[in-house]
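Please look through the structure shown below. The paragraphs after it lead from a single residue out to the whole chain.

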Amino acid sequence: MTRRTPRALITTAAAVAATALLAACGGSDAGASSDGAASAEAAGDARTGGELLYLEYQPYTTLYPPQSGFYPNGALIANITDRLVYQDPETLEFSPWVASAWEVNEDATSYTFTIREGVTFSDGTPLDAEAVAANIDAYGLGDAAKGFPVSEQINNYVGSQVDGEQVTFTFSAPSPGFLQATSANGAGLLSPETLEGDADFFAPGNATEVIGSGPFVIAEETVGTEILLEAREDYDWAPQESEHQGRAYLDGVRLVVTPEDSVRVGALTSGQADVIRYVQAYDEEQVEAAGLQLFAPQTQGVNNSLSLRPSNEILSDIDVRRAIVAGVDAQEVVDTVFTENYPAATGVLSSTALGYVDLSDDLAYDPEAAAELLDGAGWEPGDDGIRVKDGQRLELVVNEAAPQPLSRDTLTLISQQLAEIGVDLQILAADSGTYAEAILDADQVQAYHSMVGRTDLDVIKSQFHSANRDALLSQDAELDALLDAVASTADEEERLAATEEAQRYLVEQAYVVPLFEEPQVYGAQPYVQGFGWDSIARPVFYDTWLEN
């Protein structure tokens, strides 16, 4: 195989995009796949060596693990750090990784981990119980002076105690989601020296100084455009479920930020790129028609949704919120904008998420009911069809969310749907600074477009609690109490009941308009084997290898 350098790729990619489909028609006849990671066994013996070219849609913003929810951040942290516990992305079962064993007390207020011997960070320092304690202390307690809040994935944390090769973490109240948190990128283990850094240290420009214990290290960085991951030759502590042990098969992964959809797809279909992330729905057919692999693992958390913010004067009326929920046809959004890889939402959580409750009857599209609700709330149709009340137009603003797939297309269709019932939904288009400020103000952005993936019941607290992401900009103490119960109830059945109650409350209060279940969609060359992902679909390159 002949590969062009990333520099050549960047300079020629635009031209490639225009002819990509034609070029791909004469390419490999390997079958497309969308049902799981490429199998090393099916392709024969794995080969060591080679550099994989991976095109990413956006640059990373920080390498501080608790802030790894943003896709590009998580993609790097997933490959340069290890976690205490491994979670199988398919079965969601836990097994040893850096921790060889663990014990949890009956009320989930104490967790003791035994740390595996012989694990080191890439700077040579040992990953021992003291280092683990320092990591979880940093994430669980936060540090305002450094610019780090408490991790949204660690609840009720008090502190740690080290005894030889064991470390015990204690909590002020049950913390049943902690074990899963130790398996997530948000608890990626960093060297003690790296942990001393502040928010600026973890920002772009300093990536090669961020030291983990994972199978890859960041060897080069060109800010905003390119990262080189290099395999650690001495890596020998992969989870036992991995396809192999020892160093990663690849010598390296060159990640190139390529924002233009047509350029990423064109580079893939023409054979210039090995793997790309963020294959847009309208490009899926092109990728599969070219005989390439298409993967669409689900992120398994809170669905891609609009959060309706009740602290805004217009949305403080529950009947207005209920009218908007009834006025949005999520199935039409999926049928028009997306593919079968984006199932229409039937609840607050994805149908593959733990604790999912089907609330589709309560979320049904019903424009007639929506109109009646607005009539009853005193909003009367104006001359242009947009409703008016006391001289005020029923006008709302929603943010275009760059991390969400086809956000503008989605919101444009929804604005058309809502116009049918007399609601004018404006889409915020702003520079990043203005955008960041506007989404924190319910009087500037009344409908917040977002989602979050995590394979624990705590994910609903992460999205809606006023002390976490606070997508609603909530002042609802009853909602916070329901979410606190999810994160602080030790009994599994009672915890499932608590998360069901929280989901039903969010829908009863018409706080959310669930749209679709969000996957991460990757395209890959047929010769790329063993490409995988974690439980929330971030790429994992450890078992990946190149067939030729």
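Setting aside neighbours within four places in sequence, Phe121 is in contact with Pro126, Leu127, Ala131, Leu189, Leu190, Ser191, Pro192, Ile211, Gly212, Ser213 and Arg232; contact means heavy atoms within 4.5 Å. This is a predicted model, in which local features need pLDDT of at least 70 and side-chain atom pairs count only at pLDDT 80 or more, while totals for chains, interfaces and linings use all residues. Residues are numbered from 1 along each chain as its sequence is written, and side-chain values use heavy atoms, with hydrogens and water left out.

Phe121 lies in the loop between strand E5 (110–115) and helix H3 (129–141). Helices (H or I, at least four residues) and strands (E, at least two) are DSSP runs, numbered from the N terminus. With a relative accessibility of 0%, Phe121 counts as buried. Buried means under 20% relative accessible area, exposed over 50%, and partly exposed in between, with a 1.4 Å probe and protein chains only. Phe121 and Tyr235 are 114 residues apart in sequence, yet their C-alpha atoms are 9.5 Å apart in space.

The chain is divided into domain 1 (51–295 + 522–546) and domain 2 (301–516); these bounds come from an automatic or database domain assignment. Taken over C-alpha atoms, the centres of domain 1 and domain 2 are separated by 30 Å. Across the boundary, 29 residues of domain 1 are in contact with 28 residues of domain 2.

Next come the nonpolar cores. In soluble globular proteins, nonpolar side chains tend to be buried together. A nonpolar core is a set of buried Ala, Val, Leu, Ile, Met, Phe, Trp, Tyr and Cys residues joined through side-chain atoms within 4.5 Å. The largest has 83 residues, of which Val320, Phe464 and Leu506 touch the most other members. This core draws at least three residues from each of domain 1 and domain 2. A second, separate core of 68 residues includes Leu190, Val257, Phe531 and Phe541.

Helix H6 (residues 261–269) has 8 of its 9 residues buried, so it is largely enclosed by the rest of the structure. The buried residues of H6 are Asp261, Val263, Arg264, Val265, Gly266, Ala267, Leu268 and Thr269. Arg264 has a relative accessible area of 1%. Not counting residues up to four places away in sequence, Arg264 touches Leu55, Glu56, Tyr57, Thr258, Pro259, Ile276, Arg277 and Tyr278. After H6 comes Gly271, whose phi is positive, near 85°.

Most residues other than glycine have a negative phi. Leu406 has a positive phi, near 50°, and is placed in the loop between strand E17 (395–399) and helix H11 (407–419). At 8% relative accessibility, Leu406 counts as buried. Asp470 also has a positive phi, of about 55°, and sits in the loop between helix H13 (459–464) and helix H14 (477–488). Asp470 is buried too, with a relative accessible area of 14%.

On a 1 Å grid over the protein atoms alone, a cavity is a set of points where a 1.4 Å probe fits but cannot get out, and a pocket is an open set with protein on both sides within 12 Å along at least five of seven lines; lining residues have an atom within 4 Å of a point. Grid points are joined across faces, edges and corners, and a volume is the space filled by probe spheres set on the points.

The whole structure holds 3 cavities of 30 Å³ or more. The largest cavity has about 90 Å³ of space. It is lined by 14 residues, and the closest to its centre are Pro59, Tyr60, Ile227, Leu255 and Val257. Helix H2 (71–80), strand E9 (226–231) and strand E10 (252–257) each supply at least two residues of this lining.

The second largest pocket has a volume of about 420 Å³. Of its 21 lining residues, Pro176, Asp456, Leu457, Glu492 and Arg495 are the closest to its centre. Domain 1 and domain 2 both give residues to the lining, so this pocket lies between them.
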